[in-house]
Amino acid sequence: MPLKLSRLASSWTAGMALLLASWGAQSQPVFNDHSPTWYAQGAVGASDAYAASVGVTLPWKQWTYGLGSGQVTGHWDLFASHWSSHTLRDERQRSYVIGVIPTLRWRGDQGLSPWFAQAGTGLAWSSAYYQSHDKLFSTRYNFATHLAVGTNFGARREHEVMLRLEHFSNAGIKRPNPGENFLQLRYAHRF
């Protein structure tokens with residue numbers, strides 16, 4: 001079931017990105033989601049795994065799309081992570097992960113709301129095959145798919161806090177493909 005859910009989420013995100021890009025209404029943005037950010041992120045995984053990440057988001061120029069009562073914007077999420085997990089031999093495995101995730105963000109109230117929701121799917125590469133007590137990845141290249149909610153605050157709404165659920169797996173390219181889920185907390189700051 002997790003594999004089907006991962007494929008469904010990946011397909012949905014890719015489909016939405018293509019659909020929105022093809023419709024691409026270039027309206028004027030109401031909220032400044034078009035500034036780059038840097039971020040720090042901590043995560044816990046389902047299998048006694050931990051991750052710490054740093055990264056940047058790079059907006060898709062001035063691209064926006066009106067959807068329902070809000071606006072959709074897009075950005076590239078570039079990250080570097082340090083993962084730590086317990087292996088089958090009860091040793092600590094450490095690996096480094098880098099990746100890029102195209103991401104769509106929806107902000108309500110015609111783009112004025114400080115609250116937002118976002119989704120994205122991208123590629124990640126790991127310095128080692130990920131393993132935990134009960135999982136062993138068969139590839140070092142994997143897909144990273146996330147859903148998130150967050151808010152901006154501060155005088156210029158330059159601060160951002162986000163809660164994310166992210167799934168890493170190879171989407172069935174090679175077996176075994178157990179996948180790993182992370183609950184992530186991110187703080188970002190606009191340049």
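**Ground rules.** I'm working with a predicted model, where local features need pLDDT of at least 70, side-chain atom pairs count only at pLDDT 80 or more, and totals for chains, interfaces and linings use all residues. Residues are numbered from 1 along each chain as its sequence is written, and side-chain values use heavy atoms, leaving out hydrogens and water.

**Entry 1: the barrel.** I looked up the strands (DSSP runs of E, at least two residues, numbered from the N terminus). I found 8 strands closing into a barrel, in the order β1-β2-β3-β4-β5-β6-β7-β8, with antiparallel pairing. Two strands pair if DSSP finds at least two bridges between them.

**Entry 2: β1 and its partners.** How many bridges join β1 to β8? I got 9, with the two strands running antiparallel; in β8, Leu-183 is the bridge partner of Val-44. On to β2 (residues 49-67), which is joined to β1 by 8 bridges. There, Trp-38 has Val-56 as its bridge partner. β1 and β2 make a hairpin with 3 residues between them, and Asp-48 in the turn has a positive phi of about 55°.

**Entry 3: salt bridges.** A salt bridge here is a side-chain nitrogen of Lys or Arg within 4 Å of a carboxyl oxygen of Asp or Glu. My search of the whole structure turned up 10. I followed Asp-33: its salt bridge with Arg-105 has the closest N and O atoms 3.4 Å apart. Asp-33 sits in the loop between α1 (2-23) and β1, while Arg-105 is in strand β4, 72 residues apart. Asp-33 also forms a salt bridge with Arg-190, at 3.0 Å. Arg-105 meets Glu-160 in a salt bridge too (3.0 Å, N to O). Glu-160 lies in β7 and Arg-105 in β4, so this pair ties together parts 55 residues apart in sequence.

**Entry 4: the surface.** I found a nonpolar patch of about 790 Å², with Val-44, Phe-153 and Val-161 among its residues. Patch residues have over 30% relative accessible area and no salt bridge, with nonpolar side chains joined within 5 Å. β7 gives the largest share, 3 residues. Val-161 lies in β7 and counts as partly exposed because its relative accessibility is 32%.

Definitions and conventions
Patch = residues over 30% accessible without salt bridge, like charges linked within 9 Å, V, L, I, M, F, W, Y side chains within 5 Å. Areas by Shrake-Rupley, 256 points an atom, 1.4 Å probe, with all protein chains shown as cover. Helix = DSSP H or I, 4+ residues; strand = E, 2+ residues; numbered from the N terminus. Buried < 20%, exposed > 50% of the residue type's maximum accessible area, 1.4 Å probe, protein only.
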